Amino acid sequence: MRVLSLLIALCAGAAAVEPARVDDARALNGSFELKKRGNSPVNWTVARGAAVVDGKAARHGKASLRIETRDLADTRVESAPIRLTVGRRYEIRAWVRTRDLEVQDREPSATSTGAALSMASLPFDVHSKSVAGTREWTRLGLRFVATRPEDRIVCLTGSGAQVRGTAWFDDVTIQEAPPQGQWPSGPAVQTFGPAYRYPKGGWIFLHIEGKPYERGYQHGYLLAPEIARYLDRCALKLDPKSRERAWESARATAGALFLRGYDKEILEEMKGIADGAAARGIRWAGRPVDLTDVVSINSLTEIELLREALPVTPTGLEGLGLRPPGYFDPDRDVAPTERCSAFAATGPATRDGRIVIGHVTMWPLTLAEQTNIMLDLQPAAGQRILMQSYPGGIQSGMDWYQNDAGIILTETTIRQSPFNAAGTPEAFRARNAAQYGTTIDEVVERLSTANNGLLSNEWLIADAKSNEIAMFELGTFQGKLYRSSRNEWFGGTEGFYWGCNNAKDLKVRLEYAPDPNGPPAHLPFVPSERDVKWQELYRENKGRIDEHFAFQAFRTAPLVKPSAFDAKVTTADMASNLMCWAFFGKPNHRERLPSRWEQQNYPQISGIYPSGYWLFQVEHTEEIREAIRQREAARLAGRGKPAEPPHPEAVYKDRLWKGWVLPAEEKDAWLTAGSAAFHAALSRPDWIKALEAHRVRYRETALRKDLPIGQTPPVPQDRAWLQLATNKGALLFGALRKEIGDPAFFRLMSDFFRTNAAKPASSTLFMEAAEKSAGRPLKTFFSEWLDSTGLPDGASGEGTGAYLITSVLNRLRSAVLVYGTTREAGANRYAAEVLQRRFREREEIEVPIRKDFEVSADDLKFRDVIYVGRPATNGALAEVSARIGLNWHGGVFQIKGRDYASENDALLFAASNPLDRAHMMLVVAGNSPLETVRAASADEEEAGYAVFSLGKLRESGF
């Protein structure tokens, strides 16, 4: 607890000074030429650890900032405040040099750093790439969007770890970033009219706009595949053994109890969602998706909670003192007590007196895996909304709403109160409050009017305009509103409200026991362990609470539980610009794996893997505008249809020869081994790819040792020479087929192997038979293939790759796994561990794992390197990606001129190590954390690259 408090306190920075302008280099003192007595740098504050100006080491000028650590302490040095414009993009840069900088995790962690750059406002896992070990001056950079009007540059070493060694920082600069290179890039944007979607760190950002039916149609059309999967998940959650029957029952319940509780506007939107998805061909049980399906999706939680609400709903028998029979289990109808953690802070509790609010959700994996929609809804009437949602959702579901009136609305569920059949669904009331609420009063009124009681909540509400916060506990017929403007606090936590599924107000809690003559119960508030933790955090950080308080709290047990899968955080400045930080996955960077029971009952579950914090904001970048123009023009013109599949190549499996021969001499191995390899290739439907694999294997072997395959090997049974003979021999037979034509070639092979079956056969004998079958001399042809190294002209193929994906299995003793820590560190680490375990189980070889900043020059030059995580998340891979021909920008990779921009896509990519072609590099990465993990579990392909979608092979090649 002391550690968390210290971290938050240090993030608050030193005493306030007049902020510098971005272009004021002297005020920044990024070259560290100006120093105070004692060698401390002017306009820089050592917030943690120790750092001095070093006049003997500089990348440019006469000095640099030296951080030298001997006591295993991490270091954090912050600049003086700098004026920024919230919502604009900036870039910080610096040169960094290290000497013997060693990083040791304090605990199993994926988020520690070497020497790196960041900003005081950014989450702990958002920083530049790191440098460690011994490295000469290296350029570091980080682009970010300003979320504070005043911020500080941070130079750090060993964040989140124990560190020893020395690092120098020099020429630290900050400037506005050019618009080019922003995410999303054009290929990642899918459009439909003015609506669009794109992936971002495990999330799907969806923008829809307009009148109700129109925006609903946009939603359904763009999220059609996800809606199909989510509908199936909903039915699966109701009954994994009889999904169709369970879903029909849910539809009947939704139609009877909930559908008419939504107003005309929301029903039109849901009808649009159904029709848009149906237009894309989405069906359920053989029929198109319809309105009742979408209503059922949005009412699912309330349908399930009916079972919990009915036992506490008065029946008219209360007061009779009736007792349940002994075989009744009184615990089965109690709502889960671990669903969410949330807080809202303002005034005397916060660093700047303004609001900070955050929420983390805990929920079963069945539906949680698809609650990764960040929905930007711009309705024709009411407020623009940014909310976390799910496919087909008209509401948040995870209850995180922000609107452009500065209102933030979130909640933690409390124990289920009675059901009011005359009320309207919580999904409608919450959405209505978010769309039309511009003040706390309006939000409270819309939440409480015509309340059906299902999904009882403790709402936390914040208003960025006034910096007022409120806590609204809402049962069914009882509620309690606490407001900061009235100085109403529970437990004396001035400026701070918290929620963790435990109602505080006695009147609300009395609704749990409608029968006064029922079983005895203690009904007043009793703090849970999370209640205690929130109060501890408040006391230790009062007056210093900011976004870092949330980042640290949501990675601290018990506020984060094994069932957690997200986090959302915003501040007054961010909320005023419709921005928030969002983390999909457990916000302590641990993986969320399905339990054995979940695996047995819900085999579709994949788990949730940490994305890290990503900043979301509602804006149209020029990239998005251009994508909309181009995509819509092509769609409306009828272009962009799938290309016709290529004509299949000839199939030879029914024309293959039978029998085997023996080599007459060692030098005849090309004949026996090469013909067998070519026979195996032709027996496959994708024989051209199989033959190309032999070409790549030949290149790999030739890098180490190349000899003419028609000569006697220097050592009997020389393995390298036999590999050359096999692979080059297979290519020789492929070239011979082209040289003499199919009829002559297959006649030759059938006659030769029938005549010489089980007999020794020489190269000379075969060449004579080939000339006879061809009807012309072939001496020059065979000489080019057998008597020299390399491949004859025209036989090298289109590619130049020397490695297959499967080649890594023969190189594990010299391999190293390098996972990315720049982004998605938790998912990348887990994927690396999956690969390490697979290699151990298959080959009994323990391949070491390194962080991207730990990989040394010797590792890169003398080892086979397996990179885990795409370049945007793996700093070590980013340094070499261009040199190995890997074209990957953000969440889009390109293979053979084709873009793969879906969050469902992943890639295995083999290449030569540019520092030593005798070693290989293998990239294992996806466009999202989940797909990176799935790629780590994919079967290796006999190909230079393999593209996967949703974990299934999509295509492979060279």
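The questions and answers below take up salt bridges, then a sheet, then aromatic rings.

Tutor: This is a predicted model, in which local features need pLDDT of at least 70 and side-chain atom pairs count only at pLDDT 80 or more, while totals for chains, interfaces and linings use all residues. Residues are numbered from 1 along each chain as its sequence is written, and side-chain values use heavy atoms, with hydrogens and water left out.

Student: How many salt bridges does the count come to?

Tutor: A salt bridge is taken here as a side-chain nitrogen of Lys or Arg within 4 Å of a carboxyl oxygen of Asp or Glu. With that rule applied, the number of salt bridges comes to 65.

Student: Which residue meets the side chain of Glu-265 in a salt bridge, and at what N to O distance?

Tutor: Helices (H or I, at least four residues) and strands (E, at least two) are DSSP runs, numbered from the N terminus. The partner of Glu-265 lies in helix H3 (residues 212-222) and Glu-265 itself in helix H6 (residues 264-279), so the bridge ties together parts 50 residues apart in sequence. Buried means under 20% relative accessible area, exposed over 50% and partly exposed in between, with a 1.4 Å probe and protein chains only; Glu-265 is buried at 16%, and its partner is Arg-215, the N to O distance being 2.8 Å.

Student: Are Glu-955 and Arg-898 buried or partly exposed?

Tutor: The side chains of Glu-955 and Arg-898 meet in a salt bridge at 3.6 Å, N to O. Glu-955 is in strand E41 (residues 952-957) and Arg-898 in strand E37 (residues 898-900), so this pair joins parts that are 57 residues apart in sequence. With relative accessible areas of 24% for Glu-955 and 42% for Arg-898, each of the two counts as partly exposed.

Student: Which strands stand at the edges of the open sheet of six strands?

Tutor: Two strands pair if DSSP finds at least two bridges between them, and here the order is E26-E17-E18-E27-E28-E29, with antiparallel pairing. An edge strand has a single partner strand, so one side of it is left without a neighbour in the sheet. The strands in that position are E26 (496-499) and E29 (613-617).

Student: What is the bridge partner of Met-579 in E29?

Tutor: Strand E28 (residues 579-584) runs antiparallel to E29, and five bridges join the two. Within E29, the bridge partner of Met-579 is Gln-617.

Student: Why does the pair of Phe-192 and Tyr-221 count as stacked?

Tutor: Rings of Phe, Tyr and Trp (its six-membered ring) pair if their centres lie within 6.5 Å, and planes under 30 degrees apart count as stacked, over 60 as edge-to-face and the rest as tilted. The centres of the Phe-192 and Tyr-221 rings are 4.0 Å apart, and the pair is stacked because the angle between the planes is 15°.

Student: What is the angle between the planes of Phe-565 and Phe-584?

Tutor: Phe-565 and Phe-584 are both buried. Their aromatic pair is edge-to-face, with 6.2 Å centre to centre and an angle between the planes of 80°.

Student: Which residue lies over the face of Trp-168?

Tutor: A charge sits over a ring if NZ of Lys or CZ of Arg is within 6 Å of the ring centre and within 35 degrees of the ring normal. At 4.5 Å from the ring centre of Trp-168, the residue over its face is Arg-97.
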